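Thanks for coming. I have one structure to go through today, and I will keep to the geometry.

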There are 2 protein chains.
Amino acid sequence: MSLIVQKFGGTSVANAERVMNVAKIVTDTYAAGNDVIVVVSAQGDFTDVLVEKQQEINPQASKREQDMLLAAGEQISIALLAMAIEKLGYHATSLLGWQAGFDTSSAHTAARIKRVNPARIQDAIDRRNIVIVAGFQGVNRRGDITTLGRGGSDTSAVAIAAAMHADLCQIYTDVEGVFTADPRKVENTKKLAEISYDEMLELATLGAQVLHNRSVEMAKKYNIELEVLSSLTKAPGTIVKEKTKMEKMLISGVAKDTEVARISVMGVPNIPGIAFKLFSRLAKKGINVDIILQSQGHDGKKDISFTVARSHGKTAVEVLKDYVLSQGASEILLDDHVAKISIVGAGMESHSGVASTMFEALFDAQINIQMISTSEIKISVLINEDDADQAVRAIHRKFFD
Amino acid sequence: MSLIVQKFGGTSVANAERVMNVAKIVTDTYAAGNDVIVVVSAQGDFTDVLVEKQQEINPQASKREQDMLLAAGEQISIALLAMAIEKLGYHATSLLGWQAGFDTSSAHTAARIKRVNPARIQDAIDRRNIVIVAGFQGVNRRGDITTLGRGGSDTSAVAIAAAMHADLCQIYTDVEGVFTADPRKVENTKKLAEISYDEMLELATLGAQVLHNRSVEMAKKYNIELEVLSSLTKAPGTIVKEKTKMEKMLISGVAKDTEVARISVMGVPNIPGIAFKLFSRLAKKGINVDIILQSQGHDGKKDISFTVARSHGKTAVEVLKDYVLSQGASEILLDDHVAKISIVGAGMESHSGVASTMFEALFDAQINIQMISTSEIKISVLINEDDADQAVRAIHRKFFD
């Protein structure tokens, strides 16, 4: 007998039929002899309904009240799923974040889980109940409702799996697992049977959107085995764990990220400290910089280019403009029509030639590379956004066909 | 400076515009120098939306999960009202039942308030916040969410008023106060400036539907002054308190109750104990009997008629049929086409002739009286349901024109 945590996203419980489908998956797992803890998100677009209600009344409402409002979404879905499980003849206990022992920081709308005290979960498990826990939410030390922000429900599931020493944490979603590229855009993609935490982290960062980084980081920290799979098909998903058997596989995926913009500061005087001051100004505003490219410089001048999140593009230019011009730079340019294409794979550490294969694929497709960035298990290139889908297809074909 | 509790029902917060209207009432009261605690119900028909969601999945769901589901309704409305108050530039703190200290029994869907621990309410008041409390809900000793059943939000408001020693508890609703009869059905009705707890209790029982009895009983017990008023007009409402200045007024209202059925057991042997055994059988099934009429008996036989809630009519006949027939009764009849018309007034204790004035009004209107019941401050008659509205108008005209 195993203890299995199963997490279902909003799409999986969007309506009565879907809720019954989830109840079937859960009770089948239980009937096979396992203890089951289920973590659920709010139904389908119900969070949007709540946000719309807020927008009509006060778009600038305090974050404490935003959390109070949004947390109602999971309350509805856990109750409905518990009812569906009862309908199938099993005992179920739904628990809100505070009931399930989710103590969080007080950072409303983006709280961090400080600890999970699973006493009530354990009590219900001991009574042979299927436990349904509201994802995405907790309570701070004052007893205020908090929410965990983006990827919160996945993180809730992994935190419970860690606190309860679960044997497996299954993340049910609307895709069948982790693929070598986006199956909607690229032909002949392959579902990965296994992937390592680090590779999954790189893919998540790169916009693969299957699992949120916070949950993967926590799973890595507590060594929780994850499985990403679909609630609508019976197919096995992708296992995410520390060591995989797939190390012979050179790369595990090709990802595209269009939420990126390039900023170029032209003609900066080639004196020490300029780049440091420039990036520290951005850091103070909470703007993260990703790829950085600095020209060699000539005539005592150099160009500095870097990428930021597209949503930060205009702000970054505003923050820097007066400073760089006062330092003698000729101009500052924003290009928010770029895309970052990356390949990820633990195998590239021990194999040379991966980068050149990638560049060859882009050259064959006549796609110009603007910037390059590499890490131990990742190679990213910045290209024109119009070429992005073609680039992913060309690289995927080169490595996987 | 006073401490005022204001309760708003679902209609008063049905949409964004209504929520803003409530926020205006609340902040005006606060700006006048009062501390304000607000109790809110779920928005408009949102409870129906939740019940529908349940019906699609499992109409026989456990009551614990029903409470979990329904309690989400007030969570949404308290957050929205707090946001609306923030929009107007004031500080607000919304609190769920468990946060506001509502300890209840474990009778899910019909829990009783055991105590209110208002520590968090007091803390927010001390910080000069307007406090918004979710009505209708609490938490049992296990930490499970409970709901209070019908009239729950009114009861929540009165319980907070009692626990916080409030100076006044205002119940905002969609009528302007307590009237001498239903203004939609009867001409020339008058809004009462004041009414006593006992009169209000009788009117509530009789279907006047302005306040639920539980809340009035609690207000009486703790001597909380209530005001019933409309959230849509600025007019003063009706004050409900122990002693009123209106004692010269003979009767305070005429009420109609059509949720009633008459059962007649014909030809029962005139031996001791029959009536006792009959009513104890009903009591065991939780069926309350209201008006009872027993004929004098002749030939060793008598007839027993009584009224029950209409929803219990068929069950009551089933419970009794075999027993009364085995005891020699000739037949048992159900008439669910009756109505109970009542006049209520503390003044009738010290005035004779009230009953005869009522009967004269019915005689003038050619309406037949089937049964009569009286208490110190109430006279009720049972008549054919078809005559009910005409009877109310005739009686109201006689006493108030």
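I will take the chain pair, then a sheet, then a pair of helices.

Keep in mind throughout that this is a predicted model.

Start with how the two chains are related. Chain B can be laid on chain A by a turn of 180 degrees with a shift of 0.0 Å along the axis, and the RMSD is 0.1 Å. The two copies are thus related as by a two-fold rotation axis. As for the contact surface, the same one serves both copies, with 100% of the contact residues of chain B recurring in chain A. Which residue of chain B comes closest to the rotation axis? That is B:Ala72, whose C-alpha is at 2.6 Å.

Now the interface itself. On chain B, 30 residues are in contact with 30 residues of chain A. Three helices of chain B, α1 (16-31), α2 (46-57) and α3 (63-87), each supply at least two residues of the side that touches chain A. The most comes from α3(B), with 15 residues. By class, this side of chain B has 17 nonpolar, seven polar and six charged residues.

Next, the sheet in chain B. Four strands make an open sheet, in the order β13-β18-β20-β19, and the pairing is antiparallel. Which strands stand at the edges? They are β13 (253-257) and β19 (371-375) of chain B; each has a single partner strand, so one side of each is left without a neighbour in the sheet. Direction ignored, neighbouring strands are turned by 20 degrees against each other on average. Within the sheet, β18 (residues 338-344) and β20 (residues 378-384) of chain B pair in the antiparallel sense over seven bridges. B:Ser342 stands opposite B:Ser380 in β20(B).

Two helices of chain B pack on this sheet. Helix α10 (residues 354-364) touches β18, β19 and β20 of chain B, and its direction makes about 20 degrees with that of β20(B). Helix α11 (residues 388-400) touches β13, β18 and β20 of chain B, and its direction makes about 15 degrees with that of β18(B).

For the helix pair, I switch to chain A. The axes of α10 (residues 354-364) and α11 (residues 388-400) of chain A come within 9 Å and cross at roughly 130 degrees. The two helices are therefore oblique to each other. The crossing is right-handed. Among the residues that meet are A:Met358 and A:Leu362 in α10(A), and A:Ile395 and A:Phe399 in α11(A). By class, the contact has seven nonpolar, one polar and two charged residues.

How values were computed:
Residues numbered from 1 in each chain as written. Chains lettered and ligands numbered in written order. Predicted model: local features only at pLDDT ≥ 70, side-chain atom pairs only at ≥ 80, totals over all residues. Axes fitted to C-alpha atoms, helices over the stretch in contact; angles between N-to-C directions. Parallel < 35°, antiparallel > 145°, perpendicular 65-115°, else oblique. Left-handed = near helix turned anticlockwise from the far one by under 90°. Contact = placed C-beta atoms within 7 Å. Nonpolar A, V, L, I, M, F, W, Y, C, P; charged D, E, K, R; others polar. Least-squares fit on C-alpha atoms with pLDDT ≥ 70 in both. Pairing = 2+ DSSP bridges.
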